[in-house]
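Colleague: I have a new model open and would like to go through it with you. Could you take my questions one at a time?

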Amino acid sequence: MTPASLLLLLFAVFSSAAGQIMLKHGMRAAAATAERTGGSLAARAATTPWVVLGLTVFAVSAVAWMSTLARVPLSVAYPFNALGYLLIVLAGSTLLHERTSPWTWAGSLLVVIGLITVFAGQRN
């Protein structure tokens, strides 16, 4: 894998995770507003800036992912999504103040160990 392909792959994973966090933050706000005012959750979500931004970032990540798949074998690219899981757990815990258990962290660590194993196997 070339350095440029690795950077594109990491961009796709990081932007996907960022988009998911923005969507979660926006949907939390949209749900609270819909509950408070009695409006439609779908209408609130469609007009919530964080939801719109999250969808935009997620769309950019999808284009980056497709470009990655044109350059990197799926057996290498797909395990990198594991890094996204760790980023989402970390951001959910720190930015969104969601509760995470030691089991969640242990599972995330195992997934990352799997990613490292796959990546190390590609270098041989």
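Colleague: Leaving aside its neighbours within four places in sequence, which residues is Thr68 in contact with?

Modeller: This is a predicted model, and in it Thr68 is in contact with Leu8, Leu9, Ala12 and Ala77, once the neighbours within four places in sequence are left aside. Thr68 itself is found in helix α3, which covers residues 49-71.

Colleague: Is Thr68 buried or exposed, then?

Modeller: Thr68 counts as buried, because its relative accessibility is 0% and the cut-off for buried is under 20%.

Colleague: Which other residues of α3 are buried?

Modeller: Besides Thr68, the buried residues in α3 are Val51, Gly54, Val57, Ser61, Ala64 and Trp65. What covers the buried residues of α3 includes α1, α2 (41-46), α4 and α5.

Colleague: How far apart are the ends of α3?

Modeller: The end C-alpha atoms of α3 are 33 Å apart, which agrees with the 33 Å that its 23 residues should span at 1.5 Å a residue.

Colleague: And what about α1, how many residues does that helix have?

Modeller: Helix α1 runs over residues 3-37 and has 35 residues, reaching 50 Å from its first C-alpha to its last, which is close to the 51 Å expected at 1.5 Å a residue. Just after α1 comes Gly38, which takes a positive phi of about 80°.

Colleague: Which residue other than glycine has a positive phi?

Modeller: One of them is His97, with a phi near 60°. His97 lies in the loop between α5 (81-94) and α6 (102-123), and with a relative accessible area of 66% it is exposed.

Colleague: Changing topic, how many aromatic pairs are there in the whole structure?

Modeller: A search of the whole structure finds one aromatic pair. Trp65 and Tyr78 form that pair, which is edge-to-face, with 6.5 Å centre to centre and 70° between the planes. The pair links distant parts of the chain, since Trp65 is in helix α3 and Tyr78 is in the loop between α4 (74-77) and α5, 13 residues apart.

Colleague: Why does Trp65 count as buried?

Modeller: Trp65 counts as buried because its relative accessibility is 19%, while the cut-off is under 20%. Tyr78, on the other hand, counts as partly exposed at 49% relative accessibility.

Colleague: How many salt bridges does the structure hold?

Modeller: The structure holds two salt bridges. Glu98 forms a salt bridge with Lys24, where the closest N and O atoms are 3.9 Å apart; Glu98 is in the loop between α5 and α6 and Lys24 is in helix α1, 74 residues apart. The side chains of Glu98 and Arg28 also meet in a salt bridge, at 3.6 Å from N to O, and here too the pair links distant parts of the chain, with Arg28 in helix α1, 70 residues from Glu98. Lys24, Arg28 and Glu98 are therefore linked in a network of salt bridges.

Colleague: Stepping back, how many helices and strands does the protein come to?

Modeller: The secondary structure comes to six helices and zero strands. Buried residues make up 30% of the 124 residues in the protein, and the C-alpha atoms fill a box of roughly 60 × 35 × 15 Å, taken along the principal axes.

Terms used:
Residues are numbered from 1 along each chain as its sequence is written. Side-chain values use heavy atoms; hydrogens and water are left out. Helices (H or I, at least four residues) and strands (E, at least two) are DSSP runs, numbered from the N terminus. The expected span of a helix is 1.5 Å times one less than its number of residues. Buried means under 20% relative accessible area, exposed over 50%, partly exposed in between (1.4 Å probe, protein chains only). Contact means heavy atoms within 4.5 Å. Rings of Phe, Tyr and Trp (its six-membered ring) pair if their centres lie within 6.5 Å; planes under 30 degrees apart count as stacked, over 60 as edge-to-face and the rest as tilted. A salt bridge is a side-chain nitrogen of Lys or Arg within 4 Å of a carboxyl oxygen of Asp or Glu.
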